[in-house]
Amino acid sequence: MRWAPTSDARFALGIVGGVVLFNVIIFILPLIYAAWISFHDRDVILHTQEFVGFDHYRLILTSAEAIAAILRSIKFTAVVVDLSLVMGLGIALVLNEDFPGRSLLRAAILLPWALSEVVTATAWIFIVNPTFGALTGLLHPLGLVAANHAWINENTALYWVAIAFVWHITPLGTLFFLAALQTIPDTLYQAARIDRAPPLQRFVHVTLPHLRPTVMIVLVVVTVEAFRSFDLLFAMTGGGPGTASQTFPMLIFRYTFEFSRYGLAAAASYILVAIGMIITSIYFLVLMRRRHYVNTGTLPFDADPRSPIAGDRTALPS
Amino acid sequence: MAAVVLQKLSRRYRETSAVDSLDLEIADKEFVILLGPSGCGKTTILNLIAGTDTPTSGHILFDGRPVEHVPPEKRNVSMVFQNIALYPHKTVYENIAFPLRMARVARAELDERVRAAANLLRIGDLLNRRPHELSGGQRQRVALGRAAVRNPVVFLFDEPLSALDARLRGEMRVEIKKLHERLGATFIYVTHDQVEALTMADRIAVMDGGRLRQFGAPDEVYHRPANISVARFIGSEGMNLIAGRAVKREGRFAFQGSCITIPLDDAMVAAARVGNGMVTLGVRPEGLSIGAIGIPVLGEGRVYAVEPLGSDQLVNVSYGSGDDAELIKVRTRPDARFRVGDAISLSASPSDIYLFNETGDRMFPDDARA
């Protein structure tokens, strides 16, 4: 086949087409297949299957065990999102300052995120181990806890895995915030100082408005990460003690690999996705009611707001 | 309102010196423009006065009170930035109101002052817009409004017009000059545009390489440039500068460039006390005329290029050829016709001739003959 000079579009189509095909095979098809499974009840021993419609969905949404797992997931996510957002922003603000060794610290801060969740879990198991853990080792000599204090129990397990997950996920938020902080023009801070705004006011009037879109991104990413998180929980508590830290993804895992209830697991997975989407939509509705702009009017070359290079209309959906 | 005095002010960054032992006295209510090429340290001076930068040594006095260790929020200065730096998420009203809110001005007074500032700058109908909804000129007016809304001791301007197109720049020049008249405040304005400097300033401080080259009224820096860097920088075309030496030939002194010889009169010789040292001769494009009418005569050259400018035109005349060729610009009437390659004679009256010594300082006309 001869490629005419005007075949740019065809060439582009060829390249995009490959990616689309790849995505359909590894992403769309399994999605459809999972939906199909969720509507059927399959017996792996007898090799029978039967169409059951929405029975699995109904079963999950009326099961006390599943509802408890969903609530646990929401609680876990809430703790993770709150803590990691505040800490991520705080660390980013510190790392945005100029001090010796800053670049080294910026690289080091990413480490917890680069570690696999299983490694993170293992490290935290050591930290909270009742007898030889670091926490007991630190606090027992001070007389604050007993020599074999059980850090992880039915009441605390969910919070400990949440804290471990915060440790793991916070650097991601820090990275986003740091990138956003660096796009804030220095002259805005100078202007605010000259307008006699004290540090807190400069943060409120210059930094925060600029970070708004980033807060949104970090919220969505961390929420999704936390809500579907499995590896760390599995490696750290396995959902226990009892079901104290059995979140919804943990329950889906058990449906699949302990009870071989594939239809039920597929239906539960769809419910997981739906809840994630609902939470994300709420963020958008609450945070993005007002149109928001980034970097407006600070570039010297965007004299005419109608010009295509005005480039300051990074409006996020209203 | 305040008089601003800079004493032996220096700012060094590791290896380089941005401002080098600068002395400058700016009177109360004066409009002073710091003029110089990029990187001459003028913006650094402004940041030092504003307090967003700290001097390595030296003093800054507001009305005799040293302020170099006072943070910017306590100096009570206003500043208009090159990139405008409006708060992007705030409306025009809130942008102008911000300094007053920080000063905890009561609501009724705040509203009154914001509207007064907006009306002064003719942006009263834009108060509910956000910066991205404004044109460049409107944004600059808002920035002026934010600076003017409180009563600072000093107004600082950091190349505020450089982002605007030529027409808007002309408009804003008038606007800023008017603002100075109305507010009667001390204005310190940084620019690399000598037109802005000549049209607006009470006095111009010409900067180069972190040093002050001349400080004087626009008329003075134009007609009596203290040295070569001022002569080159001031004037819409800059001065023609020819390097050469003074030589004595047949009992008379003459200036000898690589391709140009110009007779020097007794006054020039006396003023310059020329021996055989290196001399730079300067003459402005508008100080030259065509034809051998004036004295001294530059001799015959050839038309190299013609640049029509509408109201007048610039003729580039070349003397000599090859690497040594001297290119002299002459300003002429717009209707004079020249063809490239034509032979052409140039002359200048002695009062339009400047002589600079080896170190670049002006020798002729000397200050005693002013």
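The dialogue below walks through helices, helix packing and nonpolar cores in a predicted model.

Colleague: Where should I begin with chain A, and how many helices and strands does its secondary structure come to?

Modeller: Bearing in mind that this is a predicted model, you can begin with the secondary structure of chain A, which comes to 13 helices and two strands. Of the 318 residues of this chain, 30% count as buried, and among its contacts with a separation of 6 or more, 66% are accounted for by residues 24 or more positions apart.

Colleague: How do I read the packing of two helices, and at what angle do α1 and α13 of chain A pack?

Modeller: Two packed helices are described by the angle between their axes and by the distance between those axes. In this structure, helix α1 of chain A, residues 8-38, packs with helix α13 of chain A, residues 262-287, at an angle of about 120°, and their axes are 7 Å apart. α1(A) and α13(A) are therefore oblique to each other, and α1(A) passes α13(A) in a left-handed crossing.

Colleague: Which residues of α1(A) and α13(A) meet?

Modeller: From α1(A) come A:Ala34, A:Ala35, A:Ile37 and A:Ser38, and they meet A:Tyr262, A:Gly263, A:Ala266, A:Ala267, A:Ser269 and A:Tyr270 in α13(A). Sorted by class, the contact of α1(A) with α13(A) has seven nonpolar residues, three polar ones and no charged ones.

Colleague: What are the angle and the axis distance for α9 and α10 of chain A?

Modeller: Helix α9 of chain A, residues 186-194, and helix α10 of chain A, residues 199-227, pack at an angle of about 140°, with their axes 10 Å apart. Because of that angle, α9(A) is oblique to α10(A). The crossing in which α9(A) passes α10(A) is right-handed. On the side of α9(A) the contact is made by A:Leu188, A:Tyr189, A:Ala192 and A:Arg193, and on the side of α10(A) by A:Arg202, A:His205 and A:Val206; these residues divide into four nonpolar, one polar and two charged.

Colleague: How do I read a nonpolar core, and which residues have the most contacts inside the largest one?

Modeller: In soluble globular proteins, nonpolar side chains tend to be buried together. Here the largest nonpolar core has 109 residues, and those with the most contacts inside it are B:Ile33, B:Leu35, B:Ile49, B:Met79, B:Leu156, B:Ile188 and B:Ala205. Leaving aside residues up to four places away in sequence, B:Ile49 touches B:Val4, B:Ile60, B:Val77, B:Val154, B:Leu156 and B:Ile188. Apart from this core lies another, of 49 residues, among them A:Leu89, A:Trp160, A:Leu251 and A:Ala267.

Terms used:
Residues numbered from 1 in each chain as written. Chains lettered and ligands numbered in written order. Predicted model: local features only at pLDDT ≥ 70, side-chain atom pairs only at ≥ 80, totals over all residues. Core = buried A, V, L, I, M, F, W, Y, C linked by C-beta atoms within 7 Å. Buried ≥ 20, exposed ≤ 12 C-beta atoms within 10 Å, placed from the backbone. Contact = placed C-beta atoms within 7 Å. Axes fitted to C-alpha atoms, helices over the stretch in contact; angles between N-to-C directions. Helix = DSSP H or I, 4+ residues; strand = E, 2+ residues; numbered from the N terminus. Parallel < 35°, antiparallel > 145°, perpendicular 65-115°, else oblique. Left-handed = near helix turned anticlockwise from the far one by under 90°. Nonpolar A, V, L, I, M, F, W, Y, C, P; charged D, E, K, R; others polar.
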